[in-house]
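User: I am new to this structure and would like to learn how its features are read. Could you guide me through it step by step?

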Amino acid sequence: MNIEVSFPELLLHALRIDKKAFQRQVLIYTLGKLYEEGRISGGLAAGILGCDRWEFYQLLSDHGFYVIDYPEDELEEEAKEI
């Protein structure tokens, strides 16, 4: 099953991007947000995108998503050890 979402073609012109590249970008942002919220795994997202997990993590990083999400107390503990 596929789900379709419609965007006005005007958006493609404004972004100066072709339809296929825009579709991929929307998919990356959607999967990135779901992964960041802990709702899907990196493996599932990578499979949907047709890449491996490391490529998916690189895409996340390239698009401003957090690949590793430490709880605040663990982050502070890690910072003390550096």
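Analyst: Let us begin with a term that will be needed throughout: a contact means heavy atoms within 4.5 Å. Please also keep in mind that this is a predicted model.

User: How many helices and strands does the chain have?

Analyst: The chain has 5 helices and 0 strands. Its pattern along the sequence reads α-α-α-α-α.

User: What share of the residues in the chain is buried?

Analyst: A residue is called buried when its relative accessible area is under 20%. Of the 82 residues in the chain, 21% are buried. The chain exposes about 6,800 Å², and carbon and sulfur atoms supply 53% of that area.

User: What share of the contacts joins residues 24 or more positions apart?

Analyst: Among contacts in the chain with a separation of 6 or more, 31% are between residues 24 or more positions apart.

User: Which residues of helix 3 and helix 4 meet?

Analyst: Helix 3 brings Gly42, Gly43, Ala45, Ala46 and Leu49, and these meet Arg53, Phe56, Tyr57 and Leu59 of helix 4. By class, the residues of this contact of helix 3 with helix 4 are 6 nonpolar, 2 polar and 1 charged.

User: Where does glycine 43 lie, and is it buried or partly exposed?

Analyst: Glycine 43 belongs to helix 3. With a relative accessible area of 36%, glycine 43 is partly exposed. Glycine 43 and tyrosine 57 are 14 residues apart in sequence, and their C-alpha atoms are 10.0 Å apart in space.

User: Where is tyrosine 57 found, and what is it in contact with?

Analyst: Tyrosine 57 is part of helix 4 (residues 53-62). Its relative accessibility is 15%, so tyrosine 57 counts as buried. When neighbours within four places in sequence are left aside, tyrosine 57 is in contact with Tyr35, Gly42 and Val67.

User: What is arginine 24 in contact with, beyond its neighbours within four places in sequence?

Analyst: Arginine 24, which lies in helix 2, is in contact with Leu49 and Leu59 once those neighbours are left aside. Arginine 24 and leucine 49 are 25 residues apart in sequence and 8.2 Å apart in space, C-alpha to C-alpha. At 38% relative accessibility, arginine 24 counts as partly exposed.

User: How many aromatic pairs are found in the whole structure, and how is such a pair described?

Analyst: A pair of aromatic rings is described by the distance of the centres and the angle of the planes. A search of the whole structure finds 6 aromatic pairs. One of them joins phenylalanine 7 and phenylalanine 22: it is edge-to-face, with 5.1 Å from centre to centre and 85° between the planes. This pair links distant parts of the chain, since phenylalanine 7 is in the segment before helix 1 (9-15) and phenylalanine 22 is in helix 2 (residues 19-36), 15 residues apart. Phenylalanine 7 is partly exposed at 41% relative accessible area, whereas phenylalanine 22, at 10%, counts as buried.

User: What kind of pair do phenylalanine 56 and tyrosine 57 form?

Analyst: Their ring centres are 6.0 Å apart and their planes stand at 50°, so the pair of phenylalanine 56 and tyrosine 57 is tilted. Phenylalanine 56 and tyrosine 57 are both buried. Tyr35, Trp54, Phe56 and Tyr57 together form one aromatic cluster.

Notes. Residues are numbered from 1 along each chain as its sequence is written. This is a predicted model: local features need pLDDT of at least 70, side-chain atom pairs count only at pLDDT 80 or more; totals for chains, interfaces and linings use all residues. Side-chain values use heavy atoms; hydrogens and water are left out. Helices (H or I, at least four residues) and strands (E, at least two) are DSSP runs, numbered from the N terminus. Buried means under 20% relative accessible area, exposed over 50%, partly exposed in between (1.4 Å probe, protein chains only). Ala, Val, Leu, Ile, Met, Phe, Trp, Tyr, Cys and Pro count as nonpolar, Asp, Glu, Lys and Arg as charged, and the others, Gly among them, as polar. Rings of Phe, Tyr and Trp (its six-membered ring) pair if their centres lie within 6.5 Å; planes under 30 degrees apart count as stacked, over 60 as edge-to-face and the rest as tilted. Accessible areas come from the Shrake-Rupley method with a 1.4 Å probe; for residues, only the protein chains shown count as cover.
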